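Here's a quick briefing to read alongside the model. Have the sequence and the 3D view handy.

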Amino acid sequence: APAASDMSSSAGMDEKMMWGYLQNFTAATDLPALDSNARSYTLTAGDVSTDSLNALTTAFGLTEDFVAQDASQGGGYLSGNYDGTTPTMYVGSDPMHYWSFSPVWDESSISSRPCMMEDAVVTTDVPTGDDVPASEVATEICAEPVAPENVPTKAEAEELFATTVSALGANVDDLVIDSYADEWGANVNGYLKIDGVRSSLTWSIGYGANGEISWASGVLADVQDGASYPRIGTTAALE
């Protein structure tokens, strides 16, 4: 067997390089032509409408009016505040008109309990100093996570999602639905279809105990037809 080369040395680097080998690619015979003009789409810029803000307020039970944010803070509109004492909704002023919602923190169905210090207990195997009696050594205990009650099933979550989407002036039939549910929560994602094709424009809502919304986000983008553009076709592209 050949002796192992010294990898720390720069000598004989050609011998240390990975062996190169040929790869042969064969194109399928039934590829689409793709030589016609393709369509494009644009998101129309513009301010968020009052109707859209009112619809968000109603759909998510917001308790605070929307306040326009300074451009130095990213612009857009904010209802509530970020300290968790009120439901919070932010709507961006960019063409996506992205929005995100979070409920009151201490009322959220996904809130957790912190670890607590258990009362002092007597221990015999923990050494203590002269000024710390063994009978006063405290231990930290953490409550076991408890699954929320009445989490909606996958089907129930999809029904709740459709209701919210409808309240915001959209149609769930215009979305490609992807959902998940277990004992801890249910999530529904809806991807906007443009001319029947799934896009990356997404609506998402999470549900916890009793079907309460634990978080949500989406877009209010106004999708318009853009200019068409030529394609060279599959054959020319392969060549």
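Predicted model: local features only at pLDDT ≥ 70, side-chain atom pairs only at ≥ 80, totals over all residues.

Residues are numbered from 1 along each chain as its sequence is written, and side-chain values use heavy atoms, with hydrogens and water left out.

**Helix H2**
- Helices here are DSSP runs of H or I with at least four residues, and strands are runs of E with at least two, numbered from the N terminus.
- In H2 (residues 50–60), Leu-53, Ala-55, Leu-56 and Phe-60 are buried (under 20% relative accessible area; exposed is over 50%, partly exposed in between, with a 1.4 Å probe and protein chains only).
- They sit on the same side of H2 because they cover an arc of only 160 degrees around the axis, taken from the directions from the helix axis to the C-beta atoms.
- Over on the other side, Thr-50, Asp-51 and Thr-58 are exposed.

**Helix H3**
- Buried in H3 are Ala-157, Phe-161, Thr-164 and Val-165.
- Their arc is only 100 degrees around the axis, which puts them on the same side of H3.
- Glu-159 and Thr-163 are exposed on the other side of H3.

**Ser-204**
- Ser-204 lies in strand S10 (residues 197–207), and at 9% relative accessibility Ser-204 counts as buried.
- Leaving aside neighbours within four places in sequence, Ser-204 has contacts (heavy atoms within 4.5 Å) that include Phe-161 and Trp-215.
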